[in-house]
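Here is a short briefing to read alongside the model on your screen.

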Amino acid sequence: MFFFERYIHEAWIKPFSHPVFGRFCMANFLYAFGSTLLSLAYTFDLASQGLGTVLGFYLAEFILLGAIVMPILFYLYEKIDRQKWGLLISLIAFCPIIFLPFLENHLVVKSILYSLALSTYWTMFHIYMTKNANYDNKGNDLSVALNTVALGALAGVGLITILAQYGVSFHHISLFGSLFFFLGIYLLNRFEAHAKRLNVAA
């Protein structure tokens with residue numbers, strides 16, 4: 001029992017109380033919460049159109065995410081002014097709030113915009129951890145950071161399950177999720193721009 005309590009404290013509670021890392025963890029949680037609401041809302045909404053449609057949506061999303069958009073964002077991070085890069089990230093991350101909930105029948109456009117927005121988060125996450133994680137224990141810092149992402153995802157799964165049971169439309173769920181999605185990315189962008197080196201063990 002002591003081991004379990006210690007694990008809960010070290011993995012799920014302590015990171016949020018750290019003076020620097022805690023803000024990063026909260027941004028991760030908000031992003032993952034909103035992203036899960038968006039992703040599952042799209043999946044449930046597309047499910048009625050058949051497996052091929054769902055598969056096409058996610059193939060387009062992840063091919064763009066890993067093979068095209070993230071490498072471009074990493075390149076621009078090194079080449080342009082940080083303030084301009086941060087503005088670009090914020091504008092891209094704002095796309096889900098403006099467009100995605102209203103593109104019910106535009107699968108390709110929806111998947112492109114969603115992939116763009118996801119890319120902004122994962123690009124900043126990797127930059128932040130590369131630059132600011134504790135040199136002596138990067139594996140621990142990364143594991144703890146991903147725990148907070150998992151916690152946000154679990155919260156998102158729980159909420160969308162409840163909302164779906166009560167008949168809330170996927171349109172409204174995706175709009176609600178978009179707000180947290182953007183807030184998490186916006187906060188992470190701010191923290192990355194002003195970050196000091198982390199030391200989770202401190």
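A polar contact is a pair of N or O atoms within 3.5 Å; within protein, one of the two must be able to donate a hydrogen and the other to accept it. With that in hand, note that this is a predicted model. The protein has 8 helices and 0 strands, and buried residues make up 43% of its 202 residues.

**Thr 130 and its surroundings**
- Thr 130 has its place in helix α6, which covers residues 107-132.
- A polar atom of the Thr 130 side chain lies 2.6 Å from the backbone oxygen of His 126, and the cut-off for a polar contact is 3.5 Å.
- Is Thr 130 buried or exposed? Thr 130 is exposed, because its relative accessible area is 53% and the exposed class begins over 50%.
- Thr 130 and Leu 142 are 12 residues apart along the chain, and their C-alpha atoms are separated by 9.5 Å.

**Helix α4, residue by residue**
- Helix α4 takes in residues 82-93.
- Which residues of α4 are buried? They are Trp 85, Gly 86, Ile 89, Ser 90, Ile 92 and Ala 93. These residues cover an arc of only 165° around the axis, which puts them on the same side of α4.
- Gln 83, Lys 84, Leu 87 and Leu 91 are exposed on the other side of α4.
- At the start of α4, the backbone nitrogen of Gln 83 has a side-chain oxygen of Asp 81 within 3.0 Å.

**How α4 meets α3**
- Helix α3 (residues 51-79) packs with α4 at an angle of about 150°, and their axes are 8 Å apart.
- α3 and α4 are therefore roughly antiparallel to each other, since angles over 145 degrees count as such.
- The crossing of α3 and α4 is right-handed.

**Helices α2 and α8 as a pair**
- Helix α2 (residues 21-47) and helix α8 (residues 170-193) have axes 7 Å apart and pack at an angle of about 150°. That makes α2 roughly antiparallel to α8.
- α2 passes α8 in a left-handed crossing.
- The 27 residues of α2 should span 39 Å at 1.5 Å a residue; the end C-alpha atoms of α2 are 38 Å apart, which agrees.
- α8 has 24 residues and reaches 34 Å from its first C-alpha to its last, close to the 34 Å expected at 1.5 Å a residue.

- How many of the 27 residues of α2 are buried? The number is 19, so α2 is largely enclosed by the rest of the structure.
- Ala 41 has its place in helix α2. Ala 41 counts as buried because its relative accessibility is 0%, and the buried class is under 20%.
- Ala 41 and Ser 169 are 128 residues apart in sequence, while their C-alpha atoms are 8.8 Å apart in space.
- The buried residues of α8 include Phe 181, Phe 182 and Phe 191. Gly 177 and Gly 184 are also among them, as are Ser 174, Ser 178, Asn 189 and Glu 192.

Conventions:
Residues numbered from 1 in each chain as written. Predicted model: local features only at pLDDT ≥ 70, side-chain atom pairs only at ≥ 80, totals over all residues. Heavy atoms only, no water. Helix = DSSP H or I, 4+ residues; strand = E, 2+ residues; numbered from the N terminus. Expected span 1.5 Å × (residues − 1). Buried < 20%, exposed > 50% of the residue type's maximum accessible area, 1.4 Å probe, protein only. Arc of directions from axis to C-beta. Axes fitted to C-alpha atoms, helices over the stretch in contact; angles between N-to-C directions. Parallel < 35°, antiparallel > 145°, perpendicular 65-115°, else oblique. Left-handed = near helix turned anticlockwise from the far one by under 90°.
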